[in-house]
Amino acid sequence: MGTPFLSPWAVLVPTLVLVGLWARCVVSRQPNFIVILADDVGWGDLGANWAETKETPHLDQLAAEGTRFVDFHSAASTCSPSRASLLTGRLGLRNGVTHNFAISSLGGLPLNETTLAEVLREAGYSTGAIGKWHLGHHGRHHPNSRGFDFYFGIPYSHDMGCTDSPGYNLPPCPPCPRHGTAARVARKDCYTEVALPLFENVTIVQQPVELGSLARRYVEEAARFIQRASDSGRPFFLYLALAHMHVPLSPPLPPAPGRGVYGASLSEMDALVGRVKQLADSLGRGSTLLWFTGDNGPWAQKCELAGRLGPFVGAWQRQRGGSSAKQTTWEGGHRVPALAYWPGRVPAGRTSHALL
């Protein structure tokens, strides 16, 4: 069963202690929290982690001005379980989410689970979720019913459902059967008969979603949310679950030298994070903890469109052609980048080797 009651500080204090805030003066007001969760990002996709990566100057600056955790692990190597754990503080075997939800899923994160957004809202926070949810999209499983005052985004991955263009979802999913229920059920990896929706709270504002403008719209909605919270004087919690890097959005940017389409998409994500950092600095009034991490490792089946694992490729992968990335329990499947940034509170230029 889920926890019936949680003090907000029972959830937040361990996080604050991890980044060394005990050594600083007491915060005069309730801090804001921005959690940026990248999708299928590789440990080596950050230049601060891996010298071969050149497309992340904003993330590298974030690392230089904050604390970089090099041994941080997501709770699972797939999307829904790791997101459920992030928002509840409980592993999948306890919160009931052990597999990804699909378009056809009727359930979601169990309703008896308490989310961080619910805890913070009870503490007077303005709470917002922007981006990919993937924890159930029917009824009370919607973000607005799980503690978030505001939601803007897509209910699941952006390659689940037909969109304005097929994008770079390679290898492509074979065409879905046009006739015959039995054949359709047999092809569970085909979603082209359902148009991917874009939600604002419980209203579909675009269907199918225009993927090429999604990054820009996420930044715009993040700016509006932070501005509204700042104007109201309330502390805020923003959960920004990016579409990057799952499969590149279409079209991202002109292919970048060296890494092509993936590099261009990585640069786009980096610019988005840089803009959110600017918002935190200008509107967060020096009281905002920004945390960047990933839900799991890169999607190796996408070949050149998958992210970098960094050094986490062993003899088994090199000699036998296996994967150490997403959907595996090899280290590259769950060791992800992690950065904490809060000027004057989180130590700058620090690298932590703590196992987290």
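Lys326 and Asp40 form a salt bridge (a side-chain nitrogen of Lys or Arg within 4 Å of a carboxyl oxygen of Asp or Glu), and their closest N and O atoms are 3.0 Å apart. Lys326 lies in the loop between α9 (315–320) and α10 (331–334), and Asp40 in the loop between β1 and α2, so the pair ties together parts that are 286 residues apart in sequence; helices (H or I, at least four residues) and strands (E, at least two) are DSSP runs, numbered from the N terminus. The model is a predicted one, in which local features need pLDDT of at least 70 and side-chain atom pairs count only at pLDDT 80 or more, while totals for chains, interfaces and linings use all residues. Residues are numbered from 1 along each chain as its sequence is written, and side-chain values use heavy atoms, with hydrogens and water left out.

**Salt bridges**

- The structure holds 13 salt bridges, and side chains of opposite charge can pair when their charged atoms come close.
- Lys326 counts as buried at 4% relative accessibility, and Asp40 is buried with a relative accessible area of 1%, where buried means under 20% relative accessible area, exposed over 50% and partly exposed in between (1.4 Å probe, protein chains only).
- Asp71 and Arg335 meet through their side chains in a salt bridge of 3.1 Å, N to O, which links the loop between β2 (67–69) and α3 (79–88), where Asp71 sits, with the loop between α10 and β9, where Arg335 sits, 264 residues apart.
- Both Asp71 and Arg335 are buried.
- A network of salt bridges links Asp39, Arg83, Lys132 and Asp295.

**Helix α7**

- Helix α7 has 19 residues and reaches 27 Å from its first C-alpha to its last, close to the 27 Å expected at 1.5 Å a residue, the expected span being 1.5 Å times one less than the number of residues.
- Within α7, Arg216 forms a salt bridge with Glu220, with 3.0 Å between the closest N and O atoms; because they are four residues apart in this helix, the two are separated by about one helical turn.
- Arg216 is partly exposed, with a relative accessible area of 47%, and Glu220 is partly exposed as well, at 32%.
- The buried residues of α7 include Leu214, Tyr218, Glu221, Phe225 and Ile226, and what covers the buried residues of this helix includes β1, β3 (126–131), β4, β5 (198–200), β7 and α8.

**Thr56**

- Thr56 has its place in the loop between β1 and α2 and is buried, with a relative accessible area of 0%.
- Not counting residues up to four places away in sequence, Thr56 touches Asp45, Leu46, Gly47, Leu266 and Asp270, contact meaning heavy atoms within 4.5 Å.
- Thr56 and Asp45 are 11 residues apart along the chain, and their C-alpha atoms are separated by 7.9 Å.
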